[in-house]
Amino acid sequence: MRLKRRTRIFALLLAAAMMIPLAGCGSSNDDSSEGGYKDTITIAHWEEPTTLDPQAQGKMSCGAVTTQIYDTLVMLDENKQPVPCLAERWEQIDDTTFRFYLRDDVKFHNGDPLTAEDVRYTIERACSNPGSSSTFITFDPENTKVIDDLTVEIKLKTPDASIFDTLNSQRGGIVCKRAVEEMGEDAFGRSPVGTGPYKLTDWVTGTELDLTANEDYWNGTAKTPNLVYKIITESASRVVEMETGGADLCLNVLASEVNRLQGTEGVSVEMGPGYQYTTITFNMQDPVLSDIRVRQALVYAIDREAIVKAVYGETATVADSIMPTTLLGAKTYDPNLYDVDKAKELLAEAGYQDGLTINFVVQPLEEMQRITEAVQNMWKQIGVTTNVSTSEVAAYLAQGNTLQVGIRNGSASDPASTLIIYDSAFGDRLNSNNDELDAMLAHAKTLYNAEERAAAYNEICDYLWEARWSIPIAFKSTIYAVSDKVEGFEFDAMNYLKMENITVAN
């Protein structure tokens, strides 16, 4: 019998914080249908996915669901080393050639067997889809080839030390070629066909997504037959679901709700270091923000410590690096730069002694809106007026990526994936156009030696910290609310829980 938990906040060591659970691809699942367990796990989900196509997604809310539907070629263990998943083994032929040997007992949800052609096709579309092309920028789809039905050779354009992290990512989920081609891209995003432990059975827009266990799953049938993701955008409403027993798990819990959940009978708060970061981004092609003195002034006008305390409480730390310090190559700095007088002086030097108006775009998320309000008030002290507009990322990009300032919530387990937002090929929000930085980022990815790679990312951190392309605000803990009836829960730093080994007692 499981001990009753009241509140258990993980004090994870660095290695544990970097762990990606291997339940989906590293261990068999036993049948736990007996013993008085529910046949459905209900999850309070913070945001409706925009798509369930792994190569078209770009948000954690999508990945939280697609991780149940798709498998990847490899997984990463607690030491960030690749372990088998759909590929049972592999070999590195040279710096740009990797050969993967697939399992012979894998079927897609539609009954089609997994083949090397499905893998080749997935790589090809990952390189061309705007949702994943920047992540797969070093992959060479034209020269990636099928050796036989169960062997695929993946080619890279240049050496890439992050290849296994990319293949393990949610954008690396292997799709069924026949299903995509017959259904079309948009329809596939609503009715996905993967090889994962669960398959989508219903999607009621704005309400919920229903998943059912894949009985032919190569790694054993999931312990709980059904998953229901309730779409509840209001954080207080998600808390109510946990309080009333309407949900068994709550994802992406906000810091403002932690105290209330800690006092809820029968509910535990599970929290630990992750890879999540929040940063204010500057559009580097904007004529006003291209002046480093303006960017410096905006940095000095912000009291990061006050913002983090007000918005996140004890669930985040003030960002003291360009990327989360859980990552290889992160270099720390003194983040206490708040100096209103210096900010005014720099603004005057840039020719804005009479003030300045900035356009700030923010997603319709409570956390981002609270940060924006605080920043708006702080910038007002130095004569900067902030016009705030609310927009989803897709709509923002459709406007031409011309708005000046934004906020990014990101999460990635490799420095290359985290810093990709500063690459010119990425576009989104920062709108980079710097050849020197592009070259630094590209070079760092080619280094297979960990020490050399860390040194290269140290240098990039120095460059970006001084250039003020962004204002790192917070490194956030990953927070879940979990019913005490839940068994088999394993903390995941990325918010991508593997659900196939979880059960809920009646």
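What follows is a conversation about labels and the values behind them.

Tutor: This is a predicted model, with residues numbered from 1 along each chain as its sequence is written. Local features need pLDDT of at least 70, side-chain atom pairs count only at pLDDT 80 or more, totals for chains, interfaces and linings use all residues, and side-chain values use heavy atoms, with hydrogens and water left out.

Student: Why is Ile-123 called buried?
Tutor: Buried means under 20% relative accessible area, exposed means over 50%, and partly exposed is in between, with a 1.4 Å probe and protein chains only. Ile-123 has 3% relative accessibility, so it counts as buried. Its place is in helix 4 (residues 116-128), where helices (H or I, at least four residues) and strands (E, at least two) are DSSP runs numbered from the N terminus.

Student: What makes a residue a contact of Ile-123?
Tutor: Contact means heavy atoms within 4.5 Å. Leaving aside neighbours within four places in sequence, Ile-123 is in contact with Phe-136, Phe-139, Thr-144, Ile-154 and Leu-167.

Student: What makes a set of residues a nonpolar core?
Tutor: The members are buried Ala, Val, Leu, Ile, Met, Phe, Trp, Tyr and Cys residues joined through side-chain atoms within 4.5 Å. The largest such core here has 139 residues, and among those that touch the most other members are Leu-73, Phe-100, Leu-167 and Met-499. Helix 17 (residues 450-467) gives this core its largest share, 7 residues. A second, separate core has 14 residues, including Ile-232, Val-258, Leu-261 and Ile-479. In soluble globular proteins, nonpolar side chains tend to be buried together.

Student: Which residues does Met-499 touch?
Tutor: Setting aside residues up to four places away in sequence, Met-499 touches Ile-41, Ile-43, Gln-68, Tyr-198, Leu-227, Tyr-229 and Leu-249.

Student: How do you know that strand 14 is largely enclosed?
Tutor: In strand 14 (residues 356-362), 5 of the 7 residues are buried, so the rest of the structure largely encloses the strand.

Student: What makes strands 14 and 15 a pair?
Tutor: Two strands pair if DSSP finds at least two bridges between them. Strand 14 and strand 15 (residues 384-390) are joined by 7 bridges and run parallel. Leu-356, for instance, stands opposite Val-384 in strand 15.

Student: What makes a space a pocket or a cavity?
Tutor: On a 1 Å grid over the protein atoms alone, a cavity is a set of points where a 1.4 Å probe fits but cannot get out, while a pocket is an open set with protein on both sides within 12 Å along at least five of seven lines; lining residues have an atom within 4 Å of a point. Grid points are joined across faces, edges and corners, and a volume is the space filled by probe spheres set on the points. The second largest pocket holds about 500 Å³. Its lining has 23 residues, with Lys-80, Gln-81, Ala-161, Asp-414 and Arg-453 nearest its centre. Helix 5 supplies the largest share of that lining, 3 residues.

Student: Why is Ala-161 called partly exposed?
Tutor: Ala-161 has 22% relative accessibility, so it counts as partly exposed. Ala-161 sits in the loop between strand 7 (151-155) and helix 5.

Student: How many cavities of 30 Å³ or more are there?
Tutor: The search of the whole structure finds 3. The largest cavity holds about 170 Å³, and Val-253, Leu-254, Ala-255, Tyr-312 and Glu-367 are the closest to its centre of the 15 residues that line it.

Student: What makes Arg-468 stand out?
Tutor: Arg-468 has a positive phi of about 55 degrees although it is not a glycine. Its relative accessible area is 9%, so Arg-468 is buried. The residue lies in the loop between helix 17 and strand 17 (470-483).
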